[in-house]
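Welcome, and take a moment to settle in. Let us walk through this structure together, one part at a time.

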Amino acid sequence: MRELKNSIRQILRQRKDAMTPKDRLEKSRRICCHLLELIENGETVMVYTSKEKEVNTDHLITTLLERGNPIVVPIIVKEGVSLRLSYLEDLSSLVPSTFGVPEPIGSEIPAGSDEVDTIILPMHGFDRTGRRIGYGAGYYDRFLAKNRELRKIGIAFACQELENLPVDENDIPMDYIITEDGIIYRAGG
């Protein structure tokens with residue numbers, strides 16, 4: 001299963017690499033617009049801080065902060081393969097950290113998973129049954145296994161879709177999957 005997932009990740013990486021930065025940014029803004037329709041005012045949202053070739057979350061975070069939504073971001077803890085949570089009040093407090101992921105190191109405001117209503121997850125790939133494939137380290141899968149009650153929204157570019165992703169018992173399905181084309185998966189709908 002591991003080899004199969006790694007070969008799928010390679011294919012998906014090539015698809016994302018083929019996109020221009022301008023195309024990624026424009027599609028990221030469209031994804032953000034679709035996503036904002038699902039977020040209620042006052043809802044606490046945990047959202048990843050994007051790296052270069054991922055769906056860019058800067059506009060989403062800025063818009064949610066302007067609306068008054070509390071924002072929580074994950075901080076990668078390599079020892080223990082886990083996520084520590086921090087509130088984020090301003091994008092300027094983010095600095096490149098583990099794996100090059102922007103994190104509020106030195107500006108942390110501790111948050112608990114019980115304070116989060118919705119989590120926005122990065123996806124390396126997805127299918128139309130709510131399955132996602134991540135980057136392979138399992139940080140989010142471990143976090144979701146302990147926090148199953150959170151509403152889970154995966155975001156990705158449409159080119160990251162696969163017909164049928166292989167899954168194992170550690171893979172937790174999304175409640176929603178959103179691309180630049182809109183909501184393409186809704187649990188129970």
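This is a predicted model: local features need pLDDT of at least 70, side-chain atom pairs count only at pLDDT 80 or more; totals for chains, interfaces and linings use all residues.

Which elements do the buried residues of α3 pack against? They pack against α2, β1, β2, β3 and β6. Residues are numbered from 1 along each chain as its sequence is written, and side-chain values use heavy atoms, with hydrogens and water left out.

Helices (H or I, at least four residues) and strands (E, at least two) are DSSP runs, numbered from the N terminus. Buried means under 20% relative accessible area, exposed means over 50%, and partly exposed lies in between, with a 1.4 Å probe and protein chains only. Contact means heavy atoms within 4.5 Å.

Back to helix α3, which spans residues 58-67. Its residues L60, I61, T63 and L64 are buried. Seen down the axis of α3, the buried residues fall within an arc of 165°, so they line one face of the helix; the arc is that of the directions from the helix axis to the C-beta atoms. After α3 comes G68, with a positive phi near 95°.

One of the partners of α3 is α2. The axes of these two helices come within 9 Å and cross at roughly 35°. Axes here are lines fitted to C-alpha atoms, for helices over the stretch in contact, and angles run from 0 to 180 degrees between N-to-C directions. The crossing of α2 and α3 is right-handed, a term for the near helix being turned clockwise from the far one by less than a right angle. On the α2 side, R29, C32, L35 and L36 make the contact, and on the α3 side H59, L60, T63, L64 and R67 do. Those residues divide into five nonpolar, two polar and two charged. In this count Ala, Val, Leu, Ile, Met, Phe, Trp, Tyr, Cys and Pro are nonpolar, Asp, Glu, Lys and Arg are charged, and the others, Gly among them, are polar.

Now for the sheet. Seven strands make up an open sheet with mixed pairing, in the order β3-β2-β1-β6-β9-β10-β11. At its edges stand β3 (82-88) and β11, each with a single partner strand, so one side of each is left without a neighbour in the sheet. From one strand to the next, the twist averages 25°. Two strands pair if DSSP finds at least two bridges between them.

Strand β2 (residues 71-77) runs antiparallel to β3, joined by seven bridges, and V72 stands opposite Y87 in β3. Further along, β1 and β6 run parallel over three bridges, with V45 and T118 as bridge partners. β6 also pairs with β9 in the parallel sense, over five bridges; there P122 has I155 as its partner.

Are its faces covered or open? Both are covered: T118, I120 and P122 on one side and I119 and L121 on the other are all buried. In a regular strand the side chains alternate between the two faces of the sheet.

β9 (residues 151-155) pairs with β10 in the parallel sense over three bridges, and Y176 is the bridge partner of I153. On to β11 (residues 182-186), which runs antiparallel to β10 over four bridges. These two strands form a hairpin with two residues between them, and I178 stands opposite I183.

Finally, look at α4. Its buried residues are Y139, Y140, D141, F143 and L144, and they pack against β1, β2, β3, β6, β8 and β9.

One last stop is R131, in the loop between β7 (125-126) and β8 (132-133). R131 is partly exposed, with a relative accessible area of 23%. Leaving aside neighbours within four places in sequence, R131 is in contact with G125, F126, N164, L165, V167 and I177.
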